[in-house]
Amino acid sequence: MKKNISVIEGDGVGPEIMKQTIKILNAIGKKYKHKFNYTILLVGGKSIEKFNSPITENTIKTCLESDAVLFGCVGDPKYDNNPIGMKPEDGLLKLRKRMNLFCNIRPIISYPELDTSPIKKNIRDGVDFIIYRELTGGIYFGKKGRNNDKAYDYCVYSKKEIERISRIAFKASSFRKKKVTLVDKSNVLETSRLWRDVVKKISLDYPDIYLDFLYIDNASMQIIINPNQFDIILTDNMFGDILSDESSVINGSIGLLPSASIGNNNLLFEPIHGSYPKAKGKNIANPIGSILSSKMMLDYFGMKEEGNAIEYAVKKSISEGIVTEDIMKNNNFLSTEDVGNYIEKYIL
Ligand code: IPM
Ligand code: MN
(Lines give C-alpha, C1' and ligand atoms only; values in the text may rest on other atoms or scores of the structure.)
(Ligands and ions follow the chains in the order given, each with its own letter.)
Protein backbone atom coordinates (compact mmCIF):
# COMPACT_ATOMS: atom_id res chain seq x y z
CA MET A 1 0.00 0.00 0.00
CA LYS A 2 1.09 3.58 -0.59
CA LYS A 3 0.23 6.32 1.89
CA ASN A 4 0.94 10.04 1.98
CA ILE A 5 1.60 11.24 5.50
CA SER A 6 1.99 14.83 6.65
CA VAL A 7 4.58 14.97 9.42
CA ILE A 8 4.60 17.81 11.94
CA GLU A 9 7.44 17.49 14.42
CA GLY A 10 6.53 20.63 16.32
CA ASP A 11 8.41 22.15 19.25
CA GLY A 12 10.45 20.97 22.23
CA VAL A 13 11.07 17.23 22.11
CA GLY A 14 8.84 16.88 19.02
CA PRO A 15 11.69 16.34 16.50
CA GLU A 16 13.37 13.72 18.71
CA ILE A 17 10.29 11.56 19.24
CA MET A 18 9.18 11.95 15.62
CA LYS A 19 12.57 10.78 14.38
CA GLN A 20 12.05 7.48 16.20
CA THR A 21 8.47 7.19 14.98
CA ILE A 22 9.48 7.60 11.33
CA LYS A 23 12.23 5.05 11.85
CA ILE A 24 9.65 2.54 13.11
CA LEU A 25 7.27 3.28 10.23
CA ASN A 26 10.09 2.78 7.75
CA ALA A 27 10.84 -0.57 9.35
CA ILE A 28 7.18 -1.52 8.92
CA GLY A 29 7.29 -0.29 5.30
CA LYS A 30 10.34 -2.42 4.61
CA LYS A 31 9.02 -5.56 6.26
CA TYR A 32 5.46 -5.43 4.90
CA LYS A 33 6.24 -3.73 1.60
CA HIS A 34 4.39 -0.46 2.04
CA LYS A 35 5.48 2.91 0.77
CA PHE A 36 5.06 5.80 3.20
CA ASN A 37 5.68 9.23 1.67
CA TYR A 38 6.32 11.95 4.22
CA THR A 39 5.72 15.66 3.78
CA ILE A 40 7.36 17.67 6.55
CA LEU A 41 5.31 20.68 7.69
CA LEU A 42 5.68 23.39 10.31
CA VAL A 43 3.11 24.10 13.03
CA GLY A 44 3.58 25.88 16.36
CA GLY A 45 6.65 27.83 17.42
CA LYS A 46 8.61 26.95 14.28
CA SER A 47 5.80 28.22 12.08
CA ILE A 48 5.57 31.43 14.10
CA GLU A 49 9.29 31.94 13.58
CA LYS A 50 9.21 31.34 9.84
CA PHE A 51 5.76 32.60 8.78
CA ASN A 52 4.71 34.78 11.73
CA SER A 53 1.70 32.51 12.24
CA PRO A 54 1.32 29.22 14.20
CA ILE A 55 -0.08 27.54 11.08
CA THR A 56 -0.45 28.60 7.44
CA GLU A 57 -3.21 27.91 4.91
CA ASN A 58 -0.72 25.93 2.84
CA THR A 59 0.03 23.65 5.75
CA ILE A 60 -3.68 23.10 6.42
CA LYS A 61 -4.28 22.35 2.75
CA THR A 62 -1.49 19.77 2.63
CA CYS A 63 -2.84 18.11 5.79
CA LEU A 64 -6.35 17.98 4.35
CA GLU A 65 -5.03 16.30 1.22
CA SER A 66 -2.89 13.67 2.92
CA ASP A 67 -3.99 10.22 4.06
CA ALA A 68 -3.10 11.09 7.65
CA VAL A 69 -1.18 13.58 9.77
CA LEU A 70 1.43 12.53 12.30
CA PHE A 71 1.82 15.22 14.92
CA GLY A 72 4.59 15.58 17.51
CA CYS A 73 3.87 18.27 20.08
CA VAL A 74 3.73 22.07 20.22
CA GLY A 75 4.36 24.75 22.84
CA ASP A 76 7.23 26.99 23.83
CA PRO A 77 7.39 29.23 26.92
CA LYS A 78 8.96 31.88 24.67
CA TYR A 79 5.49 32.62 23.30
CA ASP A 80 3.58 32.62 26.62
CA ASN A 81 2.63 36.26 26.27
CA ASN A 82 1.57 36.15 22.64
CA PRO A 83 -1.95 37.41 21.87
CA ILE A 84 -4.98 35.16 21.12
CA GLY A 85 -4.38 33.12 17.97
CA MET A 86 -0.63 33.61 18.02
CA LYS A 87 0.51 30.92 20.44
CA PRO A 88 2.02 27.63 19.20
CA GLU A 89 -1.01 25.74 20.60
CA ASP A 90 -3.32 27.83 18.40
CA GLY A 91 -1.77 26.14 15.36
CA LEU A 92 -2.82 22.71 16.63
CA LEU A 93 -6.30 23.89 17.63
CA LYS A 94 -6.86 25.47 14.23
CA LEU A 95 -5.68 22.31 12.49
CA ARG A 96 -8.09 20.16 14.58
CA LYS A 97 -10.93 22.49 13.70
CA ARG A 98 -10.17 22.78 10.00
CA MET A 99 -9.72 19.02 9.64
CA ASN A 100 -12.96 18.59 11.58
CA LEU A 101 -11.32 16.11 13.98
CA PHE A 102 -14.22 16.04 16.40
CA CYS A 103 -13.42 12.70 18.03
CA ASN A 104 -10.22 12.20 20.00
CA ILE A 105 -9.49 8.67 21.16
CA ARG A 106 -7.08 8.11 24.05
CA PRO A 107 -6.54 4.49 25.13
CA ILE A 108 -5.26 3.87 28.65
CA ILE A 109 -3.83 0.45 29.47
CA SER A 110 -1.66 -0.48 32.40
CA TYR A 111 1.76 -2.03 31.95
CA PRO A 112 2.13 -4.31 34.97
CA GLU A 113 5.95 -4.49 34.62
CA LEU A 114 6.32 -0.79 35.37
CA ASP A 115 6.79 0.39 38.93
CA THR A 116 6.77 4.11 38.28
CA SER A 117 3.15 4.70 39.25
CA PRO A 118 2.25 6.14 42.66
CA ILE A 119 -0.91 4.00 42.46
CA LYS A 120 -0.91 0.59 44.16
CA LYS A 121 -0.32 -2.33 41.82
CA ASN A 122 -3.52 -4.20 42.71
CA ILE A 123 -5.54 -1.12 41.78
CA ARG A 124 -3.87 -0.40 38.44
CA ASP A 125 -3.30 -3.95 37.14
CA GLY A 126 -5.68 -4.82 34.32
CA VAL A 127 -6.73 -1.26 33.54
CA ASP A 128 -7.97 -0.95 29.97
CA PHE A 129 -10.23 1.95 29.12
CA ILE A 130 -10.50 4.53 26.36
CA ILE A 131 -11.30 8.20 26.69
CA TYR A 132 -13.48 9.58 23.89
CA ARG A 133 -12.84 13.29 24.09
CA GLU A 134 -14.85 15.74 21.98
CA LEU A 135 -12.17 17.80 20.21
CA THR A 136 -13.58 20.66 18.16
CA GLY A 137 -16.16 22.29 20.42
CA GLY A 138 -16.83 23.49 23.95
CA ILE A 139 -14.86 26.02 25.92
CA TYR A 140 -11.79 25.55 23.70
CA PHE A 141 -13.55 27.04 20.71
CA GLY A 142 -16.20 29.37 22.13
CA LYS A 143 -15.90 33.11 21.86
CA LYS A 144 -13.17 34.37 24.17
CA GLY A 145 -11.74 37.71 25.08
CA ARG A 146 -10.93 40.37 27.60
CA ASN A 147 -12.21 43.79 28.39
CA ASN A 148 -10.86 45.99 31.12
CA ASP A 149 -10.63 43.86 34.24
CA LYS A 150 -12.69 40.94 32.87
CA ALA A 151 -12.07 37.90 30.69
CA TYR A 152 -14.43 35.27 29.29
CA ASP A 153 -14.46 31.89 27.51
CA TYR A 154 -17.82 30.71 26.27
CA CYS A 155 -18.66 27.02 26.39
CA VAL A 156 -21.12 26.08 23.65
CA TYR A 157 -22.25 22.64 22.43
CA SER A 158 -24.81 21.71 19.80
CA LYS A 159 -26.82 18.48 19.81
CA LYS A 160 -25.12 17.46 16.59
CA GLU A 161 -21.65 17.88 18.07
CA ILE A 162 -22.56 15.66 21.01
CA GLU A 163 -24.35 13.10 18.89
CA ARG A 164 -21.62 12.34 16.38
CA ILE A 165 -18.90 11.53 18.92
CA SER A 166 -21.35 9.68 21.19
CA ARG A 167 -22.31 7.28 18.42
CA ILE A 168 -18.66 6.48 17.77
CA ALA A 169 -18.11 5.87 21.49
CA PHE A 170 -21.13 3.57 21.84
CA LYS A 171 -20.09 1.61 18.77
CA ALA A 172 -16.57 1.18 20.18
CA SER A 173 -17.96 -0.05 23.47
CA SER A 174 -20.10 -2.67 21.75
CA PHE A 175 -16.86 -4.44 20.77
CA ARG A 176 -15.51 -4.16 24.30
CA LYS A 177 -16.92 -4.34 27.83
CA LYS A 178 -20.18 -2.67 26.83
CA LYS A 179 -20.08 0.19 29.27
CA VAL A 180 -20.06 3.90 28.53
CA THR A 181 -19.49 6.44 31.29
CA LEU A 182 -20.48 9.99 30.45
CA VAL A 183 -18.41 12.45 32.46
CA ASP A 184 -19.88 15.91 32.88
CA LYS A 185 -20.81 18.60 35.39
CA SER A 186 -24.55 18.53 34.86
CA ASN A 187 -25.26 19.61 38.42
CA VAL A 188 -23.92 23.02 37.41
CA LEU A 189 -23.45 23.42 33.64
CA GLU A 190 -26.19 23.73 31.03
CA THR A 191 -23.94 22.31 28.30
CA SER A 192 -23.51 19.22 30.49
CA ARG A 193 -27.27 18.89 30.83
CA LEU A 194 -27.53 18.90 27.03
CA TRP A 195 -24.82 16.21 26.89
CA ARG A 196 -26.87 14.03 29.27
CA ASP A 197 -30.11 14.49 27.31
CA VAL A 198 -28.51 13.68 23.97
CA VAL A 199 -26.44 10.75 25.23
CA LYS A 200 -29.43 9.20 27.04
CA LYS A 201 -31.42 9.34 23.82
CA ILE A 202 -28.61 7.77 21.77
CA SER A 203 -28.20 5.00 24.33
CA LEU A 204 -31.68 3.74 23.38
CA ASP A 205 -30.16 2.65 20.06
CA TYR A 206 -27.60 0.54 21.96
CA PRO A 207 -29.70 -1.47 24.42
CA ASP A 208 -26.89 -3.90 25.27
CA ILE A 209 -24.57 -1.14 26.45
CA TYR A 210 -24.68 -0.03 30.04
CA LEU A 211 -24.61 3.75 30.34
CA ASP A 212 -23.67 5.50 33.55
CA PHE A 213 -22.91 9.06 34.56
CA LEU A 214 -20.25 10.66 36.70
CA TYR A 215 -19.61 14.26 37.58
CA ILE A 216 -16.13 15.37 36.56
CA ASP A 217 -15.04 15.98 40.15
CA ASN A 218 -16.04 12.46 41.18
CA ALA A 219 -14.64 10.95 37.97
CA SER A 220 -11.20 12.44 38.66
CA MET A 221 -11.25 10.67 42.02
CA GLN A 222 -12.59 7.37 40.63
CA ILE A 223 -9.80 7.19 38.02
CA ILE A 224 -7.31 7.02 40.87
CA ILE A 225 -9.20 4.84 43.38
CA ASN A 226 -10.81 2.36 40.97
CA PRO A 227 -9.67 2.78 37.33
CA ASN A 228 -10.76 -0.78 36.50
CA GLN A 229 -14.42 0.25 36.58
CA PHE A 230 -14.12 2.04 33.22
CA ASP A 231 -14.53 0.84 29.64
CA ILE A 232 -15.35 3.92 27.55
CA ILE A 233 -15.26 7.38 29.09
CA LEU A 234 -17.19 9.83 26.94
CA THR A 235 -16.68 13.49 27.69
CA ASP A 236 -16.30 17.03 26.39
CA ASN A 237 -13.16 18.77 25.19
CA MET A 238 -11.98 20.33 28.46
CA PHE A 239 -12.83 17.45 30.80
CA GLY A 240 -11.25 14.98 28.37
CA ASP A 241 -8.05 17.00 28.30
CA ILE A 242 -7.79 16.94 32.08
CA LEU A 243 -8.81 13.30 32.59
CA SER A 244 -6.32 12.05 30.05
CA ASP A 245 -3.35 13.66 31.79
CA GLU A 246 -4.67 12.31 35.07
CA SER A 247 -4.97 8.82 33.60
CA SER A 248 -1.28 8.85 32.72
CA VAL A 249 -0.62 8.42 36.45
CA ILE A 250 -1.82 4.82 36.12
CA ASN A 251 1.56 3.98 34.57
CA GLY A 252 3.43 6.93 35.98
CA SER A 253 4.28 8.70 32.73
CA ILE A 254 2.42 10.76 30.21
CA GLY A 255 5.14 9.88 27.69
CA LEU A 256 3.49 6.51 27.04
CA LEU A 257 0.08 7.65 25.86
CA PRO A 258 -0.97 7.85 22.18
CA SER A 259 -4.09 9.30 20.59
CA ALA A 260 -6.08 9.26 17.37
CA SER A 261 -8.16 12.21 16.23
CA ILE A 262 -10.78 11.40 13.65
CA GLY A 263 -13.34 13.29 11.63
CA ASN A 264 -15.54 12.30 8.73
CA ASN A 265 -12.75 12.55 6.17
CA ASN A 266 -9.51 13.11 8.01
CA LEU A 267 -7.12 11.52 10.47
CA LEU A 268 -4.44 12.86 12.81
CA PHE A 269 -2.31 10.96 15.31
CA GLU A 270 -0.40 12.48 18.20
CA PRO A 271 0.91 11.58 21.65
CA ILE A 272 -1.06 13.25 24.41
CA HIS A 273 1.98 14.86 26.03
CA GLY A 274 3.19 18.41 25.51
CA SER A 275 6.48 19.70 24.13
CA TYR A 276 8.50 19.15 27.36
CA PRO A 277 10.78 22.17 26.69
CA LYS A 278 13.13 21.30 29.56
CA ALA A 279 14.10 18.04 27.84
CA LYS A 280 14.55 19.49 24.37
CA GLY A 281 17.66 18.19 22.59
CA LYS A 282 18.63 15.93 25.51
CA ASN A 283 17.61 12.62 23.95
CA ILE A 284 15.69 11.64 27.11
CA ALA A 285 12.01 11.99 26.10
CA ASN A 286 9.91 8.85 25.86
CA PRO A 287 9.14 8.11 22.18
CA ILE A 288 6.49 5.46 22.97
CA GLY A 289 3.45 7.79 23.02
CA SER A 290 4.35 8.92 19.51
CA ILE A 291 5.28 5.42 18.29
CA LEU A 292 1.97 4.00 19.55
CA SER A 293 0.16 6.87 17.80
CA SER A 294 1.65 5.62 14.54
CA LYS A 295 0.35 2.15 15.46
CA MET A 296 -3.13 3.66 15.74
CA MET A 297 -2.62 5.22 12.31
CA LEU A 298 -1.80 1.83 10.79
CA ASP A 299 -4.97 0.40 12.39
CA TYR A 300 -6.99 3.11 10.63
CA PHE A 301 -5.22 2.28 7.36
CA GLY A 302 -6.48 -1.29 7.83
CA MET A 303 -2.92 -2.53 8.48
CA LYS A 304 -3.81 -4.58 11.55
CA GLU A 305 -0.90 -6.96 11.47
CA GLU A 306 1.53 -4.08 11.02
CA GLY A 307 -0.03 -2.18 13.93
CA ASN A 308 0.16 -5.27 16.10
CA ALA A 309 3.84 -5.64 15.22
CA ILE A 310 4.50 -2.16 16.62
CA GLU A 311 2.44 -2.80 19.74
CA TYR A 312 4.19 -6.10 20.36
CA ALA A 313 7.64 -4.53 19.96
CA VAL A 314 6.73 -1.68 22.32
CA LYS A 315 5.46 -4.14 24.94
CA LYS A 316 8.67 -6.11 24.57
CA SER A 317 10.81 -2.99 25.09
CA ILE A 318 8.85 -2.24 28.26
CA SER A 319 9.02 -5.77 29.64
CA GLU A 320 12.74 -5.97 28.85
CA GLY A 321 13.37 -2.64 30.58
CA ILE A 322 14.58 -0.95 27.37
CA VAL A 323 12.99 2.35 28.41
CA THR A 324 13.60 6.03 29.03
CA GLU A 325 14.08 7.59 32.46
CA ASP A 326 10.44 8.56 33.02
CA ILE A 327 9.48 4.89 33.39
CA MET A 328 12.64 3.56 35.06
CA LYS A 329 13.17 3.94 38.80
CA ASN A 330 16.90 3.24 38.87
CA ASN A 331 19.75 4.44 36.66
CA ASN A 332 19.41 1.74 34.00
CA PHE A 333 17.39 3.93 31.69
CA LEU A 334 18.26 4.44 28.04
CA SER A 335 17.95 7.31 25.57
CA THR A 336 15.10 8.20 23.21
CA GLU A 337 17.24 6.91 20.36
CA ASP A 338 18.13 3.62 22.10
CA VAL A 339 14.47 2.84 22.70
CA GLY A 340 13.65 3.60 19.06
CA ASN A 341 16.54 1.42 17.87
CA TYR A 342 15.40 -1.52 19.99
CA ILE A 343 11.82 -1.30 18.73
CA GLU A 344 13.02 -0.97 15.13
CA LYS A 345 15.27 -4.05 15.41
CA TYR A 346 12.53 -6.04 17.06
CA ILE A 347 10.17 -5.32 14.16
CA LEU A 348 12.73 -6.14 11.45
C1 IPM B 1 -3.64 17.88 24.36
C2 IPM B 1 -2.91 19.16 24.62
C3 IPM B 1 -3.57 20.29 23.82
C4 IPM B 1 -5.00 20.42 24.33
C5 IPM B 1 -2.82 21.64 23.89
C6 IPM B 1 -1.39 21.51 23.41
C7 IPM B 1 -3.54 22.72 23.14
O8 IPM B 1 -2.86 19.44 25.97
O9 IPM B 1 -3.72 17.46 23.19
O10 IPM B 1 -4.14 17.28 25.31
O11 IPM B 1 -5.26 21.09 25.34
O12 IPM B 1 -5.88 19.84 23.68
MN1 MN C 1 -3.69 17.92 27.23
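Which residue takes a positive phi in the hairpin of E6 and E7? In this hairpin, which has two residues between its strands, the positive phi, near 50°, belongs to asparagine 148. E6 and E7 run antiparallel and are joined by four bridges; arginine 146 has alanine 151 in E7 as its bridge partner. Helices (H or I, at least four residues) and strands (E, at least two) are DSSP runs numbered from the N terminus, and two strands pair if DSSP finds at least two bridges between them.

The model is predicted, with local features requiring pLDDT of at least 70 and side-chain atom pairs pLDDT 80 or more, while totals for chains, interfaces and linings use all residues. Residues are numbered from 1 along each chain as its sequence is written, chains are lettered from A and ligands numbered from 1 in the order in which they are written, and side-chain values use heavy atoms, without hydrogens and water.

We can start with the overall division. The protein falls into domain 1 (1-104 + 258-348) and domain 2 (117-250), with bounds that come from an automatic or database domain assignment. Taken over C-alpha atoms, the centres of the two domains are separated by 24 Å. Twelve residues from domain 1 and 15 residues from domain 2 take part in the contact, where contact means heavy atoms within 4.5 Å.

Next comes the sheet. Strands of a sheet pair through backbone hydrogen bonds, either parallel or antiparallel. Here, ten strands form an open sheet with mixed pairing, in the order E2-E1-E3-E12-E11-E4-E5-E10-E8-E9. Strand E2 (35-41) and strand E9 (210-215) stand at the edges with a single partner strand each, so one side of each has no neighbour in the sheet. From one strand to the next, the twist averages 25°. Strand E1 (residues 2-10) runs parallel to E2 and is joined to it by seven bridges; asparagine 4 stands opposite asparagine 37 in E2.

Helix H7 (residues 190-203) lies across E5, E8, E9 and E10, at about 170° to E9. For these angles, axes are lines fitted to C-alpha atoms, for helices over the stretch in contact, and the values run from 0 to 180 degrees between N-to-C directions.

Now for the open spaces. A pocket is an open set of points on a 1 Å grid over the protein atoms alone, where a 1.4 Å probe fits, with protein on both sides within 12 Å along at least five of seven lines; lining residues have an atom within 4 Å of a point. Grid points are joined across faces, edges and corners, and a volume is the space filled by probe spheres set on the points.

The largest pocket has a volume of about 890 Å³. Its lining has 34 residues, and Lys87, Glu89, Asp90, Leu93 and Tyr140 lie nearest its centre. Helix H4 (88-98), strand E6 (144-147), strand E7 (150-153) and helix H9 (237-247) each give two or more residues to this lining, with the largest share, eight residues, coming from H4. Both domains give residues to the lining of the largest pocket, so this pocket lies between them.

The second largest pocket holds about 720 Å³ of space. Of its 28 lining residues, Pro107, Ile130, Lys295, Met296 and Asp299 are the closest to its centre. The largest share of this lining, five residues, comes from H10, and each domain supplies at least three residues.
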